[in-house]
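Try each task before you read its solution.

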2 protein chains.
Amino acid sequence: MPKYILAKYIPEYSGREITLKGWVYNIRKSGKIWFLIFRDGTEFVQCVVLKNEVSEAVFEMKSTLTQESSIAVTGVVQEAPRQETGYEILVKNIEVYHVAEEYPIALKEHGIEFLMDHRHLWLRSRGPYAVMKVRAELEQASRDFFNARDFTLVDSPMFTPNAAEGSTTLFETKYFDRKAYLTQSGQLYSEAAIMALNRTYCFGPCFRAEKSKTRRHLTEFWMVEPEMAFFDIHDDMDLAEEFVESLVKRVLGNCKRELQMLERDTAKLEGITRPFPRITYDEALEILHRKGFEVEWGEDFGAPHETAISEEFDKPVMIWRWPAATKAFYMKRDPEDERYVLGVDMIAPEGHGEIIGGSQREEDIDVLLRRIETEALSREDFEWFLDIRRYGSVPHAGFGLGLERTTGWMCGTRHIRECIPWPRTMVRLKP
Amino acid sequence: MPKYILAKYIPEYSGREITLKGWVYNIRKSGKIWFLIFRDGTEFVQCVVLKNEVSEAVFEMKSTLTQESSIAVTGVVQEAPRQETGYEILVKNIEVYHVAEEYPIALKEHGIEFLMDHRHLWLRSRGPYAVMKVRAELEQASRDFFNARDFTLVDSPMFTPNAAEGSTTLFETKYFDRKAYLTQSGQLYSEAAIMALNRTYCFGPCFRAEKSKTRRHLTEFWMVEPEMAFFDIHDDMDLAEEFVESLVKRVLGNCKRELQMLERDTAKLEGITRPFPRITYDEALEILHRKGFEVEWGEDFGAPHETAISEEFDKPVMIWRWPAATKAFYMKRDPEDERYVLGVDMIAPEGHGEIIGGSQREEDIDVLLRRIETEALSREDFEWFLDIRRYGSVPHAGFGLGLERTTGWMCGTRHIRECIPWPRTMVRLKP
């Protein structure tokens, strides 16, 4: 590793002279003193430049260093209680790598489209920086959670051979002399994988060609999908609840600095402890009717419905036991009432929408064949999937958690396009 | 979590009665005793069924239980030194979930295409099971390595807007009313991300439409790509070496059981310690000439050359300082000789080929512009990438490690299609 200090570690060097390498975030001048807000991608630090502590050439950099110029700063770490980090640097020397051209993103307000056009630069700003850190923490927290519970990571394929679920939201790709489709979920493959490895998860990009411009949709998003042999719907909900609680704890514990930068009201997150409320679809419908929504039994819920239901609770709420027609063919019918399936959606608080969708899966090949027929799906496309029920079928369940929506909830970010480094939507494919 | 024991934990229950849930891997009969090799995706365990220890109905299951039937086995854990795990189960009861139809994969040899057509079932066999466990270990080991060194995970996009590098091996996708291309590497995006986050890595699927049927190629493969601000080519090689050493250590430490199942000669892996040999392209060329290969200066190496060079060493070998024409436009020219670029390939031992490709990146916008012009690339497509050099350009470097090739090396698997759960090649898109 090259020999220089990352800014996040300056508390360990209090009173000592160190060298930092990074960029000029901002400069404030005041006569015989100037202040350089330095960032290196691990922390933002105030550097103090005093006329009698540096060479004249360095002191005059106050007029030549532009925003985002790259520099090496050598100086002494001093305690500075009024600084967010508690420390600042008394500068001894500055070496310049590159003086930046006039930077397009000033430290003021810009329109979101302008910022998204400059996403490759906007990531350097405090807000996007903090969101990316929280996202990365959630990704590792997810992996740690499942790794600690005997899950094996089994990557699902991105290319799938046919439009198995007959969806209009599939992306089609030229695949040599034929066509392939991009995956929307790894679930069907995970159902095969757990018969080999018991508990598995996949965690990768998923694709949906949704002609939607809402703040909740991306064409490319990341989903973590655990799948478990010998789990029923209740085990599934227990795991989902434990998982989400663990994510919140981890972000509160490890992302204090980022939540501070984002001015996130952490009280809203601190209350997220098990148990979470569990209501049936029918109970959710009652809430909606009480609140004046006109939804008939059997209809799916939209974003306004989800928000209205979530407002009744200060924790994520699990809605389960859905009308069969609202859900996918592979969900297990409720043995007590065939009109329902053992599916569950988890709705985040504060209007952040559905973050989890899951179910117990149908393990009976005859029931599955009837559903494939009723829904006019191609049986041939599902032969390999049906094999799972031919050779040692077992009860099993799983769910998928959307990473961007969860990141948005943690960060208090309204639009999930800010929760992925390089957002892709119906109207955005760049940079 | 449901209340039953995973087979990997049976040593903790020695002498106690437990219930396992899983599948019949094999049955051997011998008069008043029969043996059931049980698997649950966490371990393979021998279960002993004695006539006078179980009901008649359970004893007669020797004739009705088929390979891959799903069962719950209750019994007492006993020490059994001759068993691979050191334990076996003295069966008290068996409950049957599902009697499997006649299983297409017998415990004998099948052709590779037949097995790949049944990949969803083949994963249940010991070999593929063990390879998947090693792959998952390598993935988490990679993340742990970079997380511990202040890297932030920044996922690169899968959809890219243009065929920037002009490659004929891009997959083209219909993207609403235009075209998109699937990513071949996250590097260019990571180069932007490190200016925001200092050290980043991405780890996701990459796509190459290579019309190649060799055992080293997949159309969809996973790559981990670290990128580091303020690293030069030597720092880059130091990190690559430390990374690969750590992967080998981790697999040797945590995958003993899997390497045993795969009959891997672990002595070959135990010697993989730093430093690794570093030779220049010119030195590699000398080796090839000495061994009778006709390669002219400036030519790239193919698989036979890589193998020939790797045979000279019992560790991975790094070949660096390549002729510029063999490498991509973004690699930094060697300041001491413009004919070379500061790129590096790491070749695995035992003929497993290139596992790492990396370089110091060109940080000078003028040099980069000349290369874009010389190589007839579209400058417009690269404007955002050039911005990285306009606003605080810094020295930086990175590399990419191919997960499947590395898994193949660890497992001693010759064909990388066996090192990904759901292989996709020019001729294979199913299951």
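This is a predicted model: local features need pLDDT of at least 70, side-chain atom pairs count only at pLDDT 80 or more; totals for chains, interfaces and linings use all residues.

**Exercise 1: the barrel**

Task: Find the order in which five strands of chain A close into a barrel, then look at one pair of neighbours.

Solution: In chain A, the five strands close up in the order 1-2-3-5-4, with mixed pairing. Going from one strand to the next, the twist averages 55°. Now zoom in on strand 2 (residues 33-39) and strand 3 (residues 44-50) of chain A: they run antiparallel and are joined by seven bridges. As one example, I33(A) has L50(A) in strand 3 as its bridge partner.

**Exercise 2: two helices**

Task: How do helix 5 and helix 14 of chain A cross, and which residues meet?

Solution: Begin with the axes. Those of helix 5 (residues 126-147) and helix 14 (residues 403-411) of chain A come within 10 Å and cross at roughly 125°. Next, the handedness: helix 5 of chain A passes helix 14 of chain A in a right-handed crossing. Last, the contacts: helix 5 brings V131(A), V134(A), R135(A), L138(A) and E139(A), which meet residues of helix 14 including L403(A), T407(A) and M410(A). The residues of this contact divide into six nonpolar, two polar and three charged.

**Exercise 3: the two chains**

Task: How many residues of chain B are in contact with chain A, and what area is buried?

Solution: Count the residues: 103 of chain B are in contact with 104 of chain A. Together the chains bury about 8800 Å², 62% of it on carbon and sulfur atoms. Finally, M1(B), Y391(B) and L429(B) supply 9% of the area chain B buries against chain A, more than any other three residues.

Note on methods: Residues are numbered from 1 along each chain as its sequence is written. Chains are lettered from A and ligands numbered from 1 in the order in which they are written. Side-chain values use heavy atoms; hydrogens and water are left out. Axes are lines fitted to C-alpha atoms, for helices over the stretch in contact, and angles run from 0 to 180 degrees between N-to-C directions. Helices (H or I, at least four residues) and strands (E, at least two) are DSSP runs, numbered from the N terminus. A crossing is left-handed if the near helix is turned anticlockwise from the far one by less than a right angle, and right-handed if clockwise. Contact means heavy atoms within 4.5 Å. Ala, Val, Leu, Ile, Met, Phe, Trp, Tyr, Cys and Pro count as nonpolar, Asp, Glu, Lys and Arg as charged, and the others, Gly among them, as polar. Two strands pair if DSSP finds at least two bridges between them. Buried area is the accessible area (1.4 Å probe) that two parts lose on being put together, summed over both.
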